[in-house]
Amino acid sequence: MWELSTPPLELVARSVLVYALFLVVLRISGKRELGQFTIFDLALVLLAANAMQPAITGPDASITGAVIIILTLFVLNGLVAFARQRSAIVRRLLEPTPTTIALNGKWIAAALAREGLDDDDVEAALREHGLASIAEVRHAVLERDGSISVVPREGSRLRISAHHRHYRKGGRQGP
């Protein structure tokens, strides 16, 4: 139970490699927010975690190995967060750039298609900002975190919703 069957440095190396792979996959998958995952996204993450577990642990099933892996992942995550905060280059590598999706009362079809947003997603974002139609929008942006920011056309007031929905690349998924 306590005895390692894999050298500690190998567990650290495996953890670092799998963490890096997971970051790359998340970055490629687009702007998404965990709280807005569909049931299909959740199933994907759970299956991916299950598939990656043997790659991290190898033949080791000890509690000591689990402690080494957990500590490695938390330290690595802290280092990535620190580097992201301190370096514009790291931030650009890890985070997608904001995308303008509407301008002067018109949706930008190419941007919506590229980001995988459908009509239901963008219409819901307008309603959350207190707007009835795209004609009321001066500027709408799909932000780095997957939320949609909207600046209304009329007046100087900015409407901010207490709850911001986050949208995922790929549009709606379902049977």
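These legends describe close-up views of a predicted model. Residues are numbered from 1 along each chain as its sequence is written, and side-chain values use heavy atoms, without hydrogens or water. Local features need pLDDT of at least 70 and side-chain atom pairs count only at pLDDT 80 or more, while totals for chains, interfaces and linings use all residues.

View 1. Helices (H or I, at least four residues) and strands (E, at least two) are DSSP runs, numbered from the N terminus. Along the sequence, the elements run α-α-α-α-β-β-α-α-β-β. The protein has 175 residues, and 30% of them are buried. Buried means under 20% relative accessible area, exposed over 50%, and partly exposed in between (1.4 Å probe, protein chains only). Of the contacts between residues at least 6 apart in sequence, 67% join residues at least 24 apart. Contact means heavy atoms within 4.5 Å.

**View 2. Helix α1 packs on helix α3 at an angle of about 45°.** Helix α1 spans residues 8-29 and helix α3 spans residues 63-86. Their axes are 9 Å apart. The angle makes α1 oblique to α3. Axes are lines fitted to C-alpha atoms, for helices over the stretch in contact, and angles run from 0 to 180 degrees between N-to-C directions. Angles under 35 degrees count as roughly parallel, over 145 as roughly antiparallel, 65 to 115 as roughly perpendicular and the rest as oblique. From α1, the contact uses Pro 8, Leu 11, Val 12, Ser 15, Val 16, Tyr 19 and Leu 23. From α3 come Gly 65, Ile 68, Ile 69, Thr 72, Leu 73, Leu 76, Asn 77 and Val 80. By class, eleven of these residues are nonpolar, four are polar and none is charged. Ala, Val, Leu, Ile, Met, Phe, Trp, Tyr, Cys and Pro count as nonpolar, Asp, Glu, Lys and Arg as charged, and the others, Gly among them, as polar.

**View 3. Pro 8 sits in helix α1.** Pro 8 counts as partly exposed because its relative accessibility is 42%. Its C-alpha atom is 8.9 Å from that of Ile 69, 61 residues away along the chain.

**View 4. Helices α1 and α2 cross at roughly 150°.** Their axes come within 8 Å. The two helices are therefore roughly antiparallel. Leu 11, Arg 14, Ser 15, Val 18 and Phe 22 of α1 meet Ala 48, Met 52, Pro 54, Ala 55, Ile 56 and Thr 57 of α2. This contact has eight nonpolar, two polar and one charged residues.

**View 5. Thr 57 lies in helix α2, residues 39-57.** Thr 57 counts as buried, at 14% relative accessibility. Leaving out residues up to four places away in sequence, Thr 57 touches Thr 6, Leu 11 and Ile 69.

**View 6. The largest nonpolar core has 15 residues.** Such a core is a set of buried Ala, Val, Leu, Ile, Met, Phe, Trp, Tyr and Cys residues joined through side-chain atoms within 4.5 Å. Ile 101, Leu 117, Val 137, Ile 148 and Val 150 have the most contacts inside the largest core. At least two residues each come from β1 (99-103), α5 (109-115), α6 (119-128), β3 (137-142) and β4 (148-152). Another core lies apart from this one, with six residues, including Leu 11, Ile 56, Ile 68 and Ile 69.

**View 7. Asn 104 lies in the loop between β1 and β2 (106-107).** Asn 104 is not a glycine, yet its phi is positive, about 50°. At 46% relative accessibility, Asn 104 counts as partly exposed.
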